[in-house]
Amino acid sequence: IYIEVKDKYSFVHYWTEENPRREETTITASSLHHLEEKLAGKSFCRIHRKYCINMEHVVNYNNMSVLMDCGTALPKAIGNQAHLKMLLKRFYDGKT
């Protein structure tokens, strides 16, 4: 669903096929930058220095935050509005 950085760890929040509405979390020492590189070409994008999201799980967004389908509202970087809008448009246009 999304990746969050706290201290020196990345928390990967996800759902499993067995329980698609119960959020699980895995903690890794990998940097967010490293995880971004591994996910390149997938539906992930960085919205803040501490957050990377899977665009498939975005419900809504505004100038301050992005609402994920798990119910979590994540802060987004100020000035990232146009870039995020372009990425989401490109992502959803490619799905139709």
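I started at H13, which sits in strand β2, residues 9-14. For the record, helices (H or I, at least four residues) and strands (E, at least two) are DSSP runs, numbered from the N terminus.

Before going on, a note on the source: this is a predicted model, where local features need pLDDT of at least 70 and side-chain atom pairs count only at pLDDT 80 or more, while totals for chains, interfaces and linings use all residues. Residues are numbered from 1 along each chain as its sequence is written, and side-chain values use heavy atoms, with hydrogens and water left out.

**H13, continued.** Is H13 buried or exposed? I get buried, because its relative accessibility is 8% (buried means under 20% relative accessible area, exposed over 50%, partly exposed in between, with a 1.4 Å probe and protein chains only). Leaving aside residues up to four places away in sequence, I find H13 touching I1, Y2, E4, E23, E24 and T25; contact here means heavy atoms within 4.5 Å.

**The sheet.** I looked up the strand order next. Five strands make an open, antiparallel sheet, running β3-β2-β1-β5-β4. The edges are β3 (24-28) and β4 (44-48); each has a single partner strand, so one side of each has no neighbour in the sheet. On average, neighbouring strands are turned by 25° against each other, direction ignored. The axes behind such angles are lines fitted to C-alpha atoms, for helices over the stretch in contact, and angles run from 0 to 180 degrees between N-to-C directions.

I then checked β1 (residues 2-6) against β2: they run antiparallel and are joined by five bridges. Two strands pair if DSSP finds at least two bridges between them. Which residue of β2 is the bridge partner of V5? I find S10 there.

**The β1-β2 loop.** D7 lies in the loop between these two strands, β1 and β2. Its phi is near 55°, a positive value in a residue other than glycine. Most residues other than glycine have a negative phi, so I flagged it. D7 is exposed, with a relative accessible area of 77%.

**Salt bridges.** My rule was a side-chain nitrogen of Lys or Arg within 4 Å of a carboxyl oxygen of Asp or Glu. How many salt bridges does that give? The count is three.

- E24 pairs with R22, with the closest N and O atoms 2.8 Å apart. I have E24 as partly exposed at 23%, and R22 as partly exposed at 48%.
- E36 pairs with R46 at 2.7 Å between the closest N and O atoms. This pair links distant parts of the chain, with E36 in helix α1 (residues 32-38) and R46 in strand β4, 10 residues apart. E36 is partly exposed at 25%, and R46 is partly exposed at 30%.
- K89 meets D93 at 2.8 Å, N to O. They are four residues apart in helix α2 (residues 81-95), so about one helical turn separates them. K89 is exposed at 52%, whereas D93 is partly exposed at 44%.

**Rings.** I looked for aromatic pairs and got zero. The test was rings of Phe, Tyr and Trp (its six-membered ring) with centres within 6.5 Å; planes under 30 degrees apart count as stacked, over 60 as edge-to-face and the rest as tilted.

I did find K6 over the face of F11, 5.1 Å from the ring centre. A charge sits over a ring if NZ of Lys or CZ of Arg is within 6 Å of the ring centre and within 35 degrees of the ring normal.
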